[in-house]
Amino acid sequence: MASKNQEFHDYLPLMADKLGGEGLIGELCSGFQLLVDAEKGVITFESLKNNSSILGLQDLSDDDLRSMLREGDFDGDGALNQMEFCVLMFRLSPDLMEQSEFLLEEALEHEFDQM
């Protein structure tokens, strides 16, 4: 998804190791809040473009940003809700996909322990 001249650094596995499953999900939710259109409650093309520098993606073209939105937009509304954003971040991280089963189990165990 990144431009040909831009190198993508996948920090999610490192964050997962350091923060655990629950902490990583919290960080992804915080990332979503940085990119969200405050009025619409979702990440739109405009909010992604306006806030892309926060993620170091300011060099991405409009086509790259639109592709990113399409990649994660499961319900076809042209925007990313929080769940779509989190799923997209996992999908863009091959190493994290391998760890995701462990992280999911850890998060579910924590939820059941609190019940």
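Which residues of the largest nonpolar core touch the most other members? In this predicted model, they are Ile-43, Leu-48, Met-68, Leu-69 and Phe-85, out of 18 core residues. H4 gives the most, with 5 residues. In soluble globular proteins, nonpolar side chains tend to be buried together.

Leu-48 illustrates the contacts made by one of these core residues. Residues up to four places away in sequence aside, Leu-48 touches Leu-35, Ile-43, Leu-65, Met-68 and Leu-69.

The packing of H3 and H4 was examined next. Their axes lie 9 Å apart, at an angle of about 105 degrees. H3 is therefore roughly perpendicular to H4, since angles of 65 to 115 degrees count as such. On the H3 side, Met-68, Glu-71 and Gly-72 take part. They meet Glu-84, Leu-88 and Arg-91 of H4. By class, the residues of this contact comprise 2 nonpolar, 1 polar and 3 charged.

Glu-84 belongs to H4, which spans residues 82–91. Glu-84 counts as buried because its relative accessibility is 4%, and the cut-off for buried is under 20%. Its side chain reaches two backbone nitrogens. That of Phe-74 is at 2.9 Å. That of Asp-75 lies 3.1 Å from a polar atom of the Glu-84 side chain. Beyond neighbours within four places in sequence, Glu-84 is in contact with Gly-72, Asp-73, Phe-74, Asp-75 and Ala-79.

Conventions: Residues numbered from 1 in each chain as written. Predicted model: local features only at pLDDT ≥ 70, side-chain atom pairs only at ≥ 80, totals over all residues. Heavy atoms only, no water. Helix = DSSP H or I, 4+ residues; strand = E, 2+ residues; numbered from the N terminus. Buried < 20%, exposed > 50% of the residue type's maximum accessible area, 1.4 Å probe, protein only. Polar contact = N/O pair within 3.5 Å; in protein donor to acceptor, adjacent residues only side chain to side chain. Contact = heavy atoms within 4.5 Å. Core = buried A, V, L, I, M, F, W, Y, C linked by side-chain atoms within 4.5 Å. Axes fitted to C-alpha atoms, helices over the stretch in contact; angles between N-to-C directions. Parallel < 35°, antiparallel > 145°, perpendicular 65-115°, else oblique. Nonpolar A, V, L, I, M, F, W, Y, C, P; charged D, E, K, R; others polar.
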